[in-house]
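I opened the notebook to record what I looked up in this structure. The entries follow the order in which I went through them.

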Amino acid sequence: MPRLRFNAFSMNCVSHIHHGQWTREDSRSMDYTGLDAWIELAQLLDRGKFDALFLADVVGTYAAYGGSRDAAVEEGLQTPVNDPSLLIPAMAAATENLGFAFTQSVLQEQPFNFARRLSTLDHLTKGRVGWNIVTSYLPDAARNLGYGGLPTHEDRYRRAEEYMQVVYKLLEGSWEDDAVIRDVERGIYADPTKIHDIDHRGEFYPDVPGPHLAEPSPQRTPVLFQAGTSEWGRDFAARNAEAIFIIARTPDAARITIDDIRRRAEAVGRDPEHIVFFQGISFIVGGTEEEARAKAAEFDRTQSLRGYAAHMGGGMGVDFAEIGLDTPVGEISEYNTQGIVKGLIDSAPDKTWTFGDLLANRSMNRVVGTPEQIADRLQEWADAGVGGINMPYYVTPGSFADFIDGAVPELQRRGLMQSEYSEGTLREKLADGGVEARLPGSHPGGRTRRERLGAPAAA
């Protein structure tokens, strides 16, 4: 029976998904600016045999609620927020196996410079890094980054496709495998005849000559995560993603999304089984069902519905300040995060869901119960084709510690979670050693290798 992969889902900020919980005495959310809390979290997850720490990010503010960012600032709602990638080397140095996936938008940085950052992180982590590819959805992010406003959904994904082409050419096609020779006697570190310009010319990046500035890292291209489930997002994921983050309301809804994206991947020449789908689920674990429900009630008492409203409304581009909790979803038509909202609406085709239902969904299919009940529920998701879980926290590190100490032993007993790490890079670990460290040849990135571009294969 295939196991599930488990990512802890966090962010370099005060309040990530479950708003209001940062005020609790048992949360270390306010320690986000220091390394100690992050290193301790990474070591906890490494001990608990989690596959990766998945770090979300945004480069804008949620400014729709009440027509300003005030609510987001007061709630600590992903504002302030620090760069997630800078945490990774310190956490990697303190762990042995845990992977680290970080989020960065294609709008943030030119692909030439970003490719060097990817290689650097892959070197420093010894191949334990992944990149979550996003296209941004907050309007002030696009303005601050010099775009004048948020490009259309279609243009953002068209840009993302070309961005990936440049990154692949740099990471996979610029340096041959044996370009670095480290000949101490002759004083020659690398062979210049095996380092190549990429000479990219395109619509969004008209002149990227190359070559890549970093020597090949263990994975060359980090593991590619993506979360878009709109039509454009699904096509992009089918071509590029190795791991896809979904938020389905039910296992049956997840199966529909998974089957659709796998069909698209197969149509573009990829092996659809090379894609792992991660479902977002929150867990509250108790020794008994009553204990778990008591914990859930306590979290509900400290939650902030205003925070949820500001978060969801900001992402959708809708001011929810004057919308009641009983407003039907069908009346909420203007939004930017098409994939997320479309997925929610599709799971309630008669559109009877209310705004309150949408807020509840932010808990990401919360499962409250004993380790046995949690394992039973996770088996249903696994049976639907879900290959992994992205797990948000209520309090950090407490939510993860409760899961590791409570649920993990039962999951391991049933074969739903790994008991030991596989050897190798993050890509190899996620596949339990069933793949190579580099992208497969059927992947668009794999097709940009020197030997696949008509140049002689590396010796």
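I looked up Asn-132 and found it in strand 4; helices (H or I, at least four residues) and strands (E, at least two) are DSSP runs, numbered from the N terminus. The model is predicted, so local features need pLDDT of at least 70 and side-chain atom pairs count only at pLDDT 80 or more, while totals for chains, interfaces and linings use all residues. Residues are numbered from 1 along each chain as its sequence is written, and side-chain values use heavy atoms, with hydrogens and water left out.

Is Asn-132 buried or exposed? Asn-132 counts as buried because its relative accessibility is 5% (buried is under 20% relative accessible area, exposed over 50%, partly exposed in between, with a 1.4 Å probe and protein chains only).

I then listed what Asn-132 touches, leaving out residues up to four places away in sequence: Phe-54, Phe-102, Thr-103, Gln-104, Phe-225, Gln-226 and Ala-227. Contact here means heavy atoms within 4.5 Å. With Thr-103 there is a polar contact between the two side chains, at 2.9 Å (a pair of N or O atoms within 3.5 Å; within protein, one must be able to donate a hydrogen and the other to accept it, and residues adjacent in sequence count only if both atoms are side-chain atoms).

Two strands pair if DSSP finds at least two bridges between them; strand 4 (residues 129-134) and strand 7 (residues 223-226) have four, in the parallel sense. Trp-131 has Leu-224 in strand 7 as its bridge partner.

**Helix 7**

Axes are lines fitted to C-alpha atoms, for helices over the stretch in contact, and angles run from 0 to 180 degrees between N-to-C directions. I noted the buried residues of helix 7: Gly-233, Arg-234, Phe-236, Ala-237, Ala-238 and Asn-240. Their cover includes helix 6 (153-173) and helix 8 (251-267).

**A helix pair**

Helix 1 (residues 35-47) and helix 14 (residues 398-413) pack at about 15°, with axes 10 Å apart. The two are therefore roughly parallel (angles under 35 degrees). Leu-41, Leu-44, Leu-45 and Arg-47 in helix 1 meet Phe-400, Ala-401, Ile-404 and Asp-405 in helix 14.

Note on methods: Parallel < 35°, antiparallel > 145°, perpendicular 65-115°, else oblique.
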